[in-house]
4 protein chains.
Amino acid sequence: MKRVKRIGVLTAGGDCPGLNAVIRAVVKTAINEYGYEVLGIRDGFAGLIKKNVFPLTERDVSGILPRGGTILGTSNRDNPFKYKVEKDGKTEFVDVSEQVIKTIEYNEIDVIVSIGGDGTQSIALEFYERYGVPMVGVPKTIDNDLGGTDVTFGFDSALQVATFSIDKLHSTAESHHRVMVIEVMGRDAGWIALHAGVAGGGDVILIPEIPYDIDKVAETIERRVKKGKRFSLVVVSEGAKPKGGDVVVKKIVDDPTMPIRLGGIGNKVGDEIEEKTGMETRVTVLGHLQRGGSPSPFDRLLATRFGYHAVKLIHEGKFGQMVASKGNDIVNVSLAEAARNPRRVDPNSDIVKMAMALGTGFGI
Amino acid sequence: MKRVKRIGVLTAGGDCPGLNAVIRAVVKTAINEYGYEVLGIRDGFAGLIKKNVFPLTERDVSGILPRGGTILGTSNRDNPFKYKVEKDGKTEFVDVSEQVIKTIEYNEIDVIVSIGGDGTQSIALEFYERYGVPMVGVPKTIDNDLGGTDVTFGFDSALQVATFSIDKLHSTAESHHRVMVIEVMGRDAGWIALHAGVAGGGDVILIPEIPYDIDKVAETIERRVKKGKRFSLVVVSEGAKPKGGDVVVKKIVDDPTMPIRLGGIGNKVGDEIEEKTGMETRVTVLGHLQRGGSPSPFDRLLATRFGYHAVKLIHEGKFGQMVASKGNDIVNVSLAEAARNPRRVDPNSDIVKMAMALGTGFGI
Amino acid sequence: MKRVKRIGVLTAGGDCPGLNAVIRAVVKTAINEYGYEVLGIRDGFAGLIKKNVFPLTERDVSGILPRGGTILGTSNRDNPFKYKVEKDGKTEFVDVSEQVIKTIEYNEIDVIVSIGGDGTQSIALEFYERYGVPMVGVPKTIDNDLGGTDVTFGFDSALQVATFSIDKLHSTAESHHRVMVIEVMGRDAGWIALHAGVAGGGDVILIPEIPYDIDKVAETIERRVKKGKRFSLVVVSEGAKPKGGDVVVKKIVDDPTMPIRLGGIGNKVGDEIEEKTGMETRVTVLGHLQRGGSPSPFDRLLATRFGYHAVKLIHEGKFGQMVASKGNDIVNVSLAEAARNPRRVDPNSDIVKMAMALGTGFGI
Amino acid sequence: MKRVKRIGVLTAGGDCPGLNAVIRAVVKTAINEYGYEVLGIRDGFAGLIKKNVFPLTERDVSGILPRGGTILGTSNRDNPFKYKVEKDGKTEFVDVSEQVIKTIEYNEIDVIVSIGGDGTQSIALEFYERYGVPMVGVPKTIDNDLGGTDVTFGFDSALQVATFSIDKLHSTAESHHRVMVIEVMGRDAGWIALHAGVAGGGDVILIPEIPYDIDKVAETIERRVKKGKRFSLVVVSEGAKPKGGDVVVKKIVDDPTMPIRLGGIGNKVGDEIEEKTGMETRVTVLGHLQRGGSPSPFDRLLATRFGYHAVKLIHEGKFGQMVASKGNDIVNVSLAEAARNPRRVDPNSDIVKMAMALGTGFGI
């Protein structure tokens, strides 16, 4: 095994609180503890395609621990194996992975720390397997749906934004006797909706793993009205779907006579609740607010541990691996394994059962 | 003049942080300082129509100062002079103001404190002028667009939600080299967008008072790109409008092939920016998050002062008046005057000019 | 085994964010899921001594999920086995446990859920073992130092207060080129200081488990100065202690000529740093701010799970047990075991080593 | 009048949220609007003594708007007219103002924007009057006690920290039936204590302008107990003082038998309340937490306006002036006038009377 002298680090995929904390830990550990040099790679794999790399020093990472975003920039559309190019007016996807290898060789990068979600780790795996590029992965996903690790940084911060938003909507719901629908992140997994729903006291929680029946949703709300609760809070994953069918998405046409209230699953659920219960309903789509801002202390600690352990893996020569969280420990799993098993909410899990026992409806 | 023994208090219109602080101050001042009794009226004027009133004691208002919402409930559709009823399958608007008078007389309410926006104060004025019901108004509007007062409670709290949301979007915008559009409240007045835009460092601010040219918006963003700033933050009032025309609103039809990204002015602006600049653009609609949550200290103090002064006006027999803020003082203005002059952003005002000098574009 | 019909619930010991979430979950689960009645016991065991119990319904726990404090009240000085009484001008400690048993019997309480720290659980254990009172414990400690459970609710919330306070002090430290010392909770265990220190980027962390040498602390600070960092942040557990000796506490005498800057370990460390480094030093003692306010989403979820599982244990007839967190699961451990093994920071643990690698000093 | 080409900017005195917002507005306005060059002066007047100045560009101020602290550094002990030097083992104060003039001339600084409190503006005034250095002041004080301006930036942010801390202590006070004392900033003026006390629902507020009688304080607390309120919140300015005498400060001696609970006025008041009422009392000293963190939107806007107008004054050749806030306008007052009239709470003001009417005691 070649001795490592210089490591590259990149962040790819959607923004996530804690990215800077990982970068800081990687740089400090690499330089202070092992005497490595560190190169920053801009905008994820795009930086390797476009030769956009630069030295990272301790000074560069000073003060970034509490900051959202990533000082390296990110990109979620630049897969070097399927790189989008415009040619003769047409869009094509070409393999530019050779260019990436050239950048790596030219800059004498011995190993890359790739911080990203399942898409990113799949690309890292492909470079590792096909070209033998030493790779160490750091898992990143707001949605907490990445396999191989108990939890990822960013999830706790997103959960806080979601929960405190539910808190905010609560008083308006109660004062106006309204149904408030809030759509949170989670395309394939309902972790944010489930945890924020329980933490925020949601009356209905709809997640991708439990397809809902809108009539059951309306029943839950109406049962509350009978008990004197003239308002309800409905927490919906962006990936929630009705039983027996995908969401029917909608097309817009210009028409000045129409009200302005449209959109994704949150609005669909809101419309249907209003129709079925006759109660005034309002919809909030949280969107990107969940990705921004200063990471929570939990996420800062986890991200820092991930960064530190990623460099430790390099020192131990364990490539093709991803750092992961198991209980109170940081361990490593193979990139292959990580990409294979996404984490989903088990409809029979303890937390779902508990939420039901406490009176929360899941539309079933 | 009849001696006041019992006052009624109601909250009407949209939710607003600080309503509970006003109620608390009214109740405590009335009971402790002047020995009045206080009746709470539920859900705005609807409570007077439906005879839904109840005694309010100091115990009822204990601990509500930092809470969002209103313990009295509110309603923004129950104008007693144009009350919506369903009759023979048709919707009609009838005058039920006599019923209100009966409730007032039956409960021996000597004067009413009406906490609400311009709609509410117009109704209060009509009861005062037509029936001689002693009325004292307390101005309430998130949008800060009510005449006769420098500022209203709720605005500062909404401003904080808007500004901190811009802060959150900032890091994602920068990391992803994106344009982030954020739509904030303000149907007729751009105060929230202007103040939050300046406080959050928005690069473009679009408000109803300054109709925008989308090409100018794109120019501002592109000028930033040339200076090396690969991201921009665009703050849009919900009532912003393009030059020479109203917003063309949009109609939806079911079509599973369409992406889910539609809606109001924020989305319209976002779509057009993406089209014109070719930059990835994301839109966040803040909506009801701006109305909820614990009021800011500024709003708690202002709301408390308003409640205290409303009862003082009662003690002094000054009816048909509304409390108002002028500089550091609380004064009173006639309800008639208050309803007449809405506050708008002056396009030539100092703050707008300053924002321009600092580099912010207004689409002109 | 007698069939359970009525359960009592009490909160004892210091305030802790999440207590209301536990109470809410106990009440809702007991009533909805198992049809039990619930009695609230006021002010911990004091309520059983003073016969201060009352029925708890779903209505009583409505809306308390996000609230700090405990609706049951608490007390941390009322051990029924050593109850403090004043007699003939003297203080005596007497055993009033019989009175507690009478209250339990009179009110037909079949089992008690005791929510509290190690002191509380020891009392619960004594009632269970000596009198056979069915007891189920719910662990509670800000400091996270209770054995038998990975983590307790309240810790994450305290951590946030501590971390965000460090964030606040950071900018002042940097602007003024000062050393800022912050004393956080943790009499016997350094968890808050360690986690907040890492999450807040503390330059020195002093905890009870690692006695410090003040000269080493000064060295760390001076090494930073040499690297151009003219400020440092020092995070100190209230139970931190110098090598080879306990803290020398201090006595005050009236003397108008003295400056006002005194106190516990934080101030001692601050004084000594100023003396040894000559740098301007300021000390902040966080104190009770760490115990108050709305619980974090993490704590709300954990507290809710604890409450739900406590009632499940009752249903399963598992008394003398405490609910506990292990990985992602909620399990149960015997009260005896829980009281026996306090959790301490291992000076050789991964997180301590990591903090050192990142440049943080521990005064050794 | 010489044409201005280059302006210097410095921040002096205690840290204050909003300093960076002023600096940013000064730099952007100077460069974009008037084509001036800007030099940053490090650590207040110390930078002029030590020749520590450097060019400030738009890039330097990018992203600093929401940040606490000051990128220029500050110092509150470096008065060039009384500069502290050590000579022959003795401390002397010498006049080094000539050195300042040399630095100004050497760097061709045409005018200086001095951002600071009354001490800073007095120094600025002396340079203006004695040496004819063109000076424009920007008022800065957390305590809001500077004359000539309605309000200063930083106050609203400090108020928020103070109020939200009271909120946090509230739940613990209530759960434990305790008196919670909180000491906030305000050495000479009680603005923070008064506003935060009202906004946080404080039961007693003690400020420098209204010397208190501790027996009256105890009476207020005991009256609450009689009404069933077994807790109280006492908000104390650091400069509060008892009737007929200054605070007796305290001296410490080493004595391991003493408890660790000492300090300033907050602790004195806490001790005396505990003694007089027999109620458990806890004290929190907020200290530097009030100076740090991200400025509130209100402060960001005000600070930005101040910075913009300071440069406008330069453009208009109005030197020896300070920007100030009057109602909704930014105006200018002479530095001489500003230093002369500190703002104090009027014991007969509307807000004090209101607080009393609502039941708050002032110890009189």
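User: Two strands count as paired when DSSP finds at least two bridges between them. In this predicted model, over how many bridges do strands S8 and S10 of chain B pair?

Analyst: The model is predicted. Strand S8 covers residues 179-184 of chain B, and strand S10 covers residues 232-237 of chain B. Their pairing is in the parallel sense. The number of bridges is six.

User: Which residue of S10(B) stands opposite B:Glu183?

Analyst: S8 of chain B holds residues 179-184 and pairs with S10 of chain B. The residue opposite B:Glu183 is B:Val236.

User: What is the strand order of the open sheet in chain B?

Analyst: The sheet has four strands, with parallel pairing. Strands S9 (204-206) and S12 (281-285) of chain B stand at its edges. Each has a single partner strand, so one side of each lacks a neighbour in the sheet. The order is S9-S10-S8-S12.

User: By what angle are neighbouring strands of this sheet turned against each other on average?

Analyst: The sheet in question is the open one in chain B. Direction is ignored in this average. The turn is 15°.

User: Which helix of chain B packs on the sheet, touching S8, S10 and S12?

Analyst: The helix spans residues 155-176 of chain B. Its direction makes about 165° with that of S8(B). The helix is H5.

User: What kind of axis relates chains B and D?

Analyst: Chain B can be laid on chain D by a turn of 180° and a shift of 0.0 Å along the axis.

User: How far apart are the nearest C-alpha atoms of chain B and chain C?

Analyst: Chain B and chain C do not touch. Likewise, no contact joins chain A and chain D, whose closest C-alpha atoms lie 11 Å apart. For B and C the value is 11 Å.

User: How are H1(A) and H9(A) placed relative to each other?

Analyst: The axes of helix H1 (19-34) and helix H9 (297-315) of chain A come within 7 Å and cross at roughly 40°. The crossing is right-handed. Among the contact residues are A:Tyr34 of H1(A) and A:Phe306 of H9(A). Angles under 35 degrees would count as roughly parallel; H1(A) and H9(A) are therefore oblique.

User: How many nonpolar residues does the contact of H5(D) with H6(D) have?

Analyst: The axes of H5 (155-176) and H6 (191-199) of chain D come within 9 Å and cross at roughly 50°. That makes H5(D) oblique to H6(D). The contact includes D:Phe155 of H5(D) and D:Trp191 of H6(D). Its residues divide into two polar, no charged and, for the nonpolar, nine.

Terms used. Residues numbered from 1 in each chain as written. Chains lettered and ligands numbered in written order. Predicted model: local features only at pLDDT ≥ 70, side-chain atom pairs only at ≥ 80, totals over all residues. Helix = DSSP H or I, 4+ residues; strand = E, 2+ residues; numbered from the N terminus. Axes fitted to C-alpha atoms, helices over the stretch in contact; angles between N-to-C directions. Contact = placed C-beta atoms within 7 Å. Least-squares fit on C-alpha atoms with pLDDT ≥ 70 in both. Parallel < 35°, antiparallel > 145°, perpendicular 65-115°, else oblique. Left-handed = near helix turned anticlockwise from the far one by under 90°. Nonpolar A, V, L, I, M, F, W, Y, C, P; charged D, E, K, R; others polar.
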